[in-house]
Amino acid sequence: MRQAVRATGTAWVAFGWVVAFLAAHVYWYAGGQLGRAGDLPPLVPGSVGGWVFEIGVVAAFPVGAAACLAVARARGVPRRIAAVVVWTGAVVLAVRGGAGLVDDLLRAGGAAGGLTGMSIADVTGTARPSAAELWSGRATDAYFTVGALLFALLGFRCRTPQPTRATPP
């Protein structure tokens, strides 16, 4: 029972993370500037690869939210499918957030190309970004990393509890 309660609480926190991230994207595409570093990519990609990427990103919001809700409500999507979605999300978010943080750290430490080989001008769109632009990018990378940790924790918690052996008196 305690495992189910912990999984439910973690699922609701992860669901909140997804909703907050979706809300930020809606705000930015509506023209909001707060917390955004640089220009957003166009809403209409210019290549097949761009379309595949955009469809994957857009699909991640409802799929991630549905997986969190499935674990929180313990019905609907089978737990194993929810676990696969949750673990996939954790890996994707960890790669994106972790790579971004390592890239930021390398660049801040003096490695001009960071992890990606891109200059600060390539990343931010200007050779002399403001502190707000730099910290906005770092906060975004950290937010991805927090999401990865939440989804990994949810992945551990949404495992089917194993029956325990009764201990003799």
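Just after helix 3, Gly110 takes a positive phi of about 110°. Helices here are DSSP runs of H or I with at least four residues, numbered from the N terminus. The model is a predicted one, in which local features need pLDDT of at least 70, side-chain atom pairs count only at pLDDT 80 or more, and totals for chains, interfaces and linings use all residues. Residues are numbered from 1 along each chain as its sequence is written, and side-chain values use heavy atoms, with hydrogens and water left out.

Let me stay with helix 3. Among the buried residues of helix 3 are Ala90, Leu93, Gly97, Asp103 and Arg107. Buried means under 20% relative accessible area, exposed means over 50%, and partly exposed lies in between, with a 1.4 Å probe and protein chains only.

I turn to charged residues. Side chains of opposite charge can pair when their charged atoms come close. How many salt bridges does a search of the whole structure find? The search finds 2, a salt bridge being a side-chain nitrogen of Lys or Arg within 4 Å of a carboxyl oxygen of Asp or Glu. One joins Asp141 to Arg96, with the closest N and O atoms 2.6 Å apart. Asp141 belongs to helix 5 and Arg96 to helix 3, so this pair ties together parts that are 45 residues apart in sequence. Asp141 is buried, at 6% relative accessibility, whereas Arg96 is partly exposed, at 35%. In the other bridge, the side chains of Arg107 and Asp103 meet at 2.9 Å, N to O. Both of these residues lie in helix 3, 4 residues apart, about one turn of the helix, and both are buried.

Next, the nonpolar core. The term denotes a set of buried Ala, Val, Leu, Ile, Met, Phe, Trp, Tyr and Cys residues joined through side-chain atoms within 4.5 Å. The largest such core has 25 residues, and those with the most contacts inside it include Trp17, Leu93 and Phe151. Helix 1, helix 2, helix 3 and helix 5 each give two or more residues to this core. Helix 2 gives the most, with 7 residues.

Which residues does Leu93 contact, leaving aside its neighbours within four places in sequence? They are Trp17, Gly98, Phe144, Gly147, Ala148 and Phe151, where contact means heavy atoms within 4.5 Å. Gly147 has its place in helix 5 and is buried, at 0% relative accessibility. Gly147 and Ala94 are 53 residues apart in sequence, yet 7.9 Å apart in space, C-alpha to C-alpha.

Finally, the aromatic rings. Rings of Phe, Tyr and Trp (its six-membered ring) pair if their centres lie within 6.5 Å; planes under 30 degrees apart count as stacked, over 60 as edge-to-face and the rest as tilted. By this rule there are 8 aromatic pairs. Trp17 and Phe21 are stacked, 5.2 Å centre to centre with 25° between the planes. Both lie in helix 1, 4 residues apart. Trp17 is buried, at 8%, and Phe21 is buried, at 11%. Phe21 also forms a tilted pair with Phe61, at 6.0 Å and 45°. That pair links distant parts of the chain, from helix 1 to helix 2, 40 residues apart. Ring pairs link Trp17, Phe21, Phe61, Tyr143, Phe144 and Phe151 into a cluster.
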